[in-house]
Amino acid sequence: MTFARQALAMDRLRIFVAWGAEHHGPTHSAALIRVGLALIIWVRFADEVAFFNAVDPLFLPFGVWMFVWPLFALIGLFPRVSIAMCGIGIFFGYFMFGANFRLPGWYHHHVYLLGAACLLLALTPCGRSWSFERWRTLKEADRDGKPTPDQTGPLWGLRLIGLQLSAIYFWTAVDKTEWAWVNGERLEQIFVWHYSGRALEPVLLEPVVMATLATLVLVVEYALAVLIQLRRWQPVVLPIGLSLHVAFYLFLPVDTYSITMILLYLALIPPEAVTRFLGRMQGGVVETHLR
Amino acid sequence: MRKTVFILLAAFILVSPMVPQLLSAGQPVLRPWIMFSGVGTGVPKGVFTVTKANGTQVMLTPLEVLGQTSYPAIRHYMWPKRVFTKERLGVFAADFCAKLPSDSLLSFEGSVGARKGPIPLSHDDVCEAGAGDG
């Protein structure tokens, strides 16, 4: 590699690091993701980790863990710790029950995504807005006659969540990059399992429909992998991505995958834009706390 | 410090799926993103044919042989009747074979779902092997 190329590569790396590690802004989108993740965790795991499903006594503390920490994350009590504990609990289940004991449903991509999102969100001050912590900070400021603390902070965790979304799109597209996917055969297998004998079978199992859908999904996933990171393209590609996940939800049993991806799109939108929007919706209340 | 951690985490997120997906290694620590690639594997697609003693033939779909109107709404890898070899067709059709007159023959011509797309599969006497294994 020539010196000029090395310099160019280093320059690109510096830009990338500045874009990610130095990302700073309002914390409202991080707080919304925290609240959303806590609710999704309950929806996904409540039935499996509740006491009535605990055959082994060891499940009981795990059940308590998976109910209490999401509750704390939801209301914003020890918000960064609680969302991190949610992630640790999810990965404990992923490896212990999924990878180790092979219990159905635990070793799934949507479980990994939930756990990863929690851990990455813990890298942000996700409790600085809409939390018990925020309420306590305001109360202390009022009592001491100090100015209202702002709601901004380092948001590099949101950048990492955004990169996680890109990685998912890219690598799932890589997995589909073969003739058996493009010609619809692999999609046919999926539809044979889920749609044989069901109302949409005559439509979905048409070879032309399957090949068209398969190719469309492949192209969209490759495009999303890159374009969701580019602000200029976001107004076009984010609605396409959201539509894709709604379609997945309607056509396939994706568990919490679609709703988690949709929630995590908040990490892609500039946090200032999210805060401005919320401020307008709430009559400017939120915006006033911006630095 | 934060910059270093960011680079390491970003590299892990972006590059680590390459190991399980392209090199087939690193699981379960490294996550491949191959959603739904296993769904439909082991599910036969094609025609089962019952040949009776008098030579008449009856064509049946896989679901008709199963005696079901649809595949069960469970996670696909929990379904014990998945077919990975032609001998496993006997497990798939075990209930049907149990009721099939001994002078009739059940054969299959078609394909079976696999991770990289369907593979052709045929068997002249499905009930001969594996019928009692299911």
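This note covers chain A as a whole and helix H1 of chain B.

1. Basis. This is a predicted model; local features need pLDDT of at least 70, side-chain atom pairs count only at pLDDT 80 or more, and totals for chains, interfaces and linings use all residues. Residues are numbered from 1 along each chain as its sequence is written, while chains are lettered from A and ligands numbered from 1 in the order written.

2. Chain A. Its secondary structure comes to 14 helices and two strands (DSSP runs numbered from the N terminus: helices H or I, at least four residues; strands E, at least two). The C-alpha trace spans about 70 × 60 × 45 Å along its principal axes. Of the 291 residues, 41% are buried (20 or more other C-beta atoms within 10 Å of the residue's own; exposed is 12 or fewer, partly exposed in between; C-beta atoms are placed from the backbone).

3. H1(B), length. Helix H1 of chain B holds 14 residues, 2–15. At 1.5 Å a residue it should span 20 Å, and its end C-alpha atoms are 19 Å apart, which agrees (expected span: 1.5 Å times one less than the number of residues).

4. H1(B), buried face. Phe6(B), Leu9(B), Ala10(B) and Ile13(B) are buried.

5. H1(B), other face. Turned away from the buried side are the exposed residues Thr4(B), Leu8(B), Ala11(B) and Val15(B). Thr4(B) counts as exposed because it has 10 C-beta neighbours inside 10 Å.
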